[in-house]
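Student: I would like to go through this model by its terms. Please set each value against the rule behind it.

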Amino acid sequence: MIPLKYNLRSLSVRWVTTLLTCLAIGIVVCASVLTFGMIEGIEHALTSSGDATDLIIMRKGSNNELSSTIAPTAARDLINLDGIAKDAQGQPLASREFITVLIQPRRNAGGTANVIVRGLDKVGRELRPNFTIVEGRDLEAGVNELIVSKSISTRFENLGLDGSIEINNVNFRVVGLFEAGGSAAESEVWADLRDLTSAQRYNGAVSVVNMRVPEEADRQAIIDRVRENDQFKLSAVVESDYFEDQKSSSLAIKVIAYIIAAFLTFGAMFAAANTMYAAVSSRAREIGTLRALGFARSTILVSFMLESLVICLIGGILGCLATLPLNGLSGGTQNAATFSEITFSFRFGPKVLLQGMGLALAMGLIGGFFPAIRAIRMQITNALRQS
Amino acid sequence: MSTPSNTDPVVLVRDVYKEFRKGETVIPVLAGMDLELLPGDYLAMMGPSGSGKSTLLNLIAGLDKPTSGSVIVCGQDLGKTSQSALAKWRSRHVGFIFQMYNLIPVLTAYENVELPLTLTPLSRKQRVEQVKTALEIVGLGDRMDHYPRQLSGGQEQRVSIARAIATDPTLIVADEPTGDLDAKSGNEILELMHRLNEEFHKTIIMVTHDPSAAARAKRTLTMADGRLVSDIQNSTATGTTA
Ligand SMILES: Nc1ncnc2c1ncn2[C@@H]1O[C@H](COP(=O)(O)OP(=O)(O)O)[C@@H](O)[C@H]1O
Ligand SMILES: [Mg+2]
């Protein structure tokens, strides 16, 4: 084996080229890790929203909460079904919820976007993972107050703490900001159920009922009972399945992201290959000498591949490091299922970083392969005659 | 590995033709060369530029194969040996000295000399020993950590000689080893080559344009147009400058 210091020192002799190539590769890896991190973030938001012990009851045939309605009487029956968990006060952990969409201006003159506004029973908070008020206080029912997810509040003009918006000419004031473990609730604005429905002139209307049913058997019983009740025409789905379905909305983003990453990677491979071709042709006589001394073609191939890998892995590490300051930073995009803004946090876990390093590895291997092949295909006597 | 006895030729070139192809045209370079070298021979090859000296040297060193005829060196029929086996064979039997020294610029003198030893099964300790010995023979024991750019041309060529002898090969091939050096440095190189032959019994083939350099070999072969013109024993061969 040709000592690695041979490659490392050759790289440092050509440090400007090496650095530029590392940077090009780093930028591509960084961009790819950002997109992968975004996809992870979106999927995490949807996954962490779905609890396998929670049920969502919707109108039969609707595939998202927005298009569902449940008669108020049916909703009252549903929250009193057997098998529903109870909170500390003995109230059933079942929440009637009304969902509507408002068009709201974004901050920094960013145009407008749809925001989900959810009116819900107080107990609904316990059905969300790690629901906490992080600023201000929780809303009080009956006085038209709102609480807003922290990430939505930073993205919309009037939804900061103490901001206010009109819903059907009724003024609602933001009194608190909340977080909910990165779940879908973090893309929402919450009001009291009755406040919201009366503003909307749908007094007492309900879109969905959310409930916690810890026992598998009870869950199945409720699912069956809801399905068999012809009067109400409802269906119950396990919450985790519901959000699994919603993930299809991130599929398009995912496909586009992978295509872009593939193109960028392809480009970066050319950068790596170009650098290595230059290295091979400027070191022809060295290669001829190594072969004359008795180094096998395969050894020289490996040596040049390693050199290419070193460049790409350094680039990859730089690219990954560059994304770290953005870890946890939130962004927003449109949910294709509900056409409303969903927020997510970039997540650069080991999986995403490994994907980024995997790309760097691919660039190094493929970008280095063809130049290395050129290096070993030279006739020794010709290589030795190069200046 | 067959060890030739003292009288078996180290090099045996028989009726060798070598031509190069450039597209349609065929360039004949060697046209029926014969040559025999016994152990301990020191041969100088002369002749006009383009007469085929380097081509013949490359065939003997196992860097290229003849178009026809046989080249048998250290008992190995090189024309019938695979590329990978040839590489291994070169690392055991041939030491190379080039006109432009061909040291690896990013490696120190020590590392350059060590390079061919990494192809041998020697232990690290034995390698250190041999590198030091080789560098001391060429008088550069105190320059081990110098990079080629920190050495003069003559010193670089001495490092390259150390590299050529580090693996203790049977045959040393040198293509115009003094061609790029001033007279004084060139002389030092020729002194060294003489020592390698006399003291260490290396069989040497050296291509040169300089008649006084050739005169210090034991034998001078002259080529023209890919053929042998003359092959004479140098009666006055000595290790010292005339
Ligand atoms: N690889 C090659 N391809 C084509 N022609 C070559 C090649 N090597 C040598 N030649 C030609 O062979 C002839 C002899 O070259 P060479 O052996 O290097 O001569 P010398 O060393 O005696 O000056 C020259 O005309 C040279 O151009
Ligand atoms: Mg020549």
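Student: Why is A:Gly368 called buried?

Tutor: A:Gly368 has a relative accessible area of 0%. Buried means under 20% relative accessible area, with exposed over 50% and partly exposed in between (1.4 Å probe, protein chains only). A:Gly368 is therefore buried. This is a predicted model, in which local features need pLDDT of at least 70 and side-chain atom pairs count only at pLDDT 80 or more, while totals for chains, interfaces and linings use all residues. Side-chain values use heavy atoms, without hydrogens and water.

Student: Which residues does A:Gly368 touch?

Tutor: Contact means heavy atoms within 4.5 Å. Not counting residues up to four places away in sequence, A:Gly368 touches A:Met276, A:Met305, A:Ser308 and A:Met363. The C-alpha atoms of A:Gly368 and A:Met305 are 5.1 Å apart, although 63 residues separate them along the chain. A:Gly368 itself sits in helix α11 (residues 350-377) of chain A; helices (H or I, at least four residues) and strands (E, at least two) are DSSP runs, numbered from the N terminus.

Student: What makes A:Thr21 and A:Thr275 a polar contact?

Tutor: Their side chains are joined at 2.8 Å. A polar contact is a pair of N or O atoms within 3.5 Å; within protein, one must be able to donate a hydrogen and the other to accept it, and residues adjacent in sequence count only if both atoms are side-chain atoms. The pair of A:Thr21 and A:Thr275 is listed as such a contact at 2.8 Å. A:Thr21 lies in helix α2 (residues 15-49) of chain A, and with a relative accessible area of 5% A:Thr21 is buried.

Student: Why is the pair of A:Arg118 and A:Glu65 called a salt bridge?

Tutor: A salt bridge is a side-chain nitrogen of Lys or Arg within 4 Å of a carboxyl oxygen of Asp or Glu. The N to O value for A:Arg118 and A:Glu65 is 2.8 Å, so the pair is a salt bridge. The pair links distant parts of the chain, 53 residues apart: A:Arg118 is in strand β3 (residues 112-120) of chain A, and A:Glu65 is in the loop between β1 (54-59) and α3 (72-78) of chain A. A:Arg118 is buried at 2%, and A:Glu65 is buried at 10%.

Student: What makes up the contact of chain A and chain B?

Tutor: Chain A supplies 21 residues and chain B 22 residues. About 2,000 Å² is buried between the two chains, 64% of it on carbon and sulfur atoms. Buried area is the accessible area (1.4 Å probe) that two parts lose on being put together, summed over both.

Student: What makes β9(B) and β10(B) a pair of strands?

Tutor: Two strands pair if DSSP finds at least two bridges between them. Strands β9 (residues 219-224) and β10 (residues 227-233) of chain B have six bridges, so they pair, in the antiparallel sense. They form a hairpin with two residues between them, and B:Met223 stands opposite B:Leu228 in β10(B).

Conventions
Residues are numbered from 1 along each chain as its sequence is written. Chains are lettered from A and ligands numbered from 1 in the order in which they are written.
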